[in-house]
Amino acid sequence: MTQDQQTLLLVGAGAFTVYYFFKKWKMGGNKVKIKEMLQNGAKVIDVRSRGEFSTGHFSGAINIPLDELPGKVSTIGKKDEPVIVYCASGMRSSSAQRVLQSAGFTNVENGINHMNLQSLR
């Protein structure tokens, strides 16, 4: 392995490590808030596709696929009520969180995925 390849490998491993710990830290920071939101009856929105939703979802979640969310914002409810969005990995739910916040929702959290939410019940 050349010096350049070793350097590239180390940089890649370092970047992955930083990303991994950032995700863990970020999720750890809002677990308490999400648990509280669930206990207080937050609306839970699964932004995965209908097919993904049909294979299993968080109990009580409604399915609004991410690509349909901008057109259905008005059906979600009051903008100050708690909303938790989730998908399979946290990527689409992160986008959904931004969509809702841009629409004026003030209490939106990214629950990452339904297994994470189940662990908080």
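In this predicted model, the side chains of strand β3 are divided between two directions: Val 83, Val 85 and Cys 87 point one way, while Ile 84 and Tyr 86 point the other way. In a regular strand, side chains alternate between the two faces of the sheet. Every one of these five β3 residues is buried.

- Strand β3 spans residues 83–87 and is joined to β4 by 4 bridges, the two strands running parallel.
- Strand β1, residues 43–46, is likewise parallel to β3 and is joined to it by 4 bridges.
- Residue pairs can be named for both partners of β3: Ile 45 has Val 85 as its bridge partner in β3, whereas Ile 84 lies opposite Glu 109 in β4 and Cys 87 lies opposite Asn 113 in β4.
- Strand β3 is mostly covered, with 5 of its 5 residues buried.

**Helix α4 against the sheet**

- Together, β3, α4 and β4 form a β-α-β unit that is right-handed.

**Nonpolar cores**

- The largest nonpolar core comprises 13 residues, and those with the most contacts inside it are Ile 45, Ile 76, Val 83, Val 85, Leu 100 and Phe 105.
- Strand β3 and helix α4 each contribute at least two residues to this core, and the largest share, 3 residues, comes from β3.
- A second, separate core contains 12 residues, including Phe 53, Ala 61, Ile 84 and Tyr 86.
- Val 83 and Val 85, listed for the largest core, point one way from β3, and Ile 84 and Tyr 86, listed for the second core, point the other way.
- Beyond its neighbours within four places in sequence, Phe 105 is in contact with Val 73, Ile 76, Gly 77, Lys 78, Lys 79, Val 83 and Leu 100.

**Leu 69**

- Leu 69 belongs to helix α3, which covers residues 69–72.
- Leu 69 has a relative accessible area of 0% and is therefore buried, the cut-off being under 20%.
- Setting aside neighbours within four places in sequence, the contacts of Leu 69 are Ile 64, Ile 76, Ala 96, Val 99 and Leu 100.
- Leu 69 and Leu 100 are 31 residues apart along the chain, and their C-alpha atoms are separated by 8.4 Å.
- Two of the contacts of Leu 69, Ile 76 and Leu 100, are also listed among the contacts of Phe 105.

**The chain as a whole**

- The secondary structure consists of 5 helices and 4 strands, which follow the pattern α-β-α-β-α-β-α-β-α along the sequence.
- Of the 121 residues in the protein chain, 36% are buried.
- For contacts between residues at least 6 apart in sequence, 65% join residues at least 24 apart.
- The accessible surface of the protein chain is about 7,400 Å², and carbon and sulfur atoms account for 59% of it.

How values were computed:
Residues numbered from 1 in each chain as written. Predicted model: local features only at pLDDT ≥ 70, side-chain atom pairs only at ≥ 80, totals over all residues. Heavy atoms only, no water. Buried < 20%, exposed > 50% of the residue type's maximum accessible area, 1.4 Å probe, protein only. Contact = heavy atoms within 4.5 Å. Pairing = 2+ DSSP bridges. Areas by Shrake-Rupley, 256 points an atom, 1.4 Å probe, with all protein chains shown as cover. Core = buried A, V, L, I, M, F, W, Y, C linked by side-chain atoms within 4.5 Å. Right-handed = clockwise from strand over helix to strand, strands pointing away.
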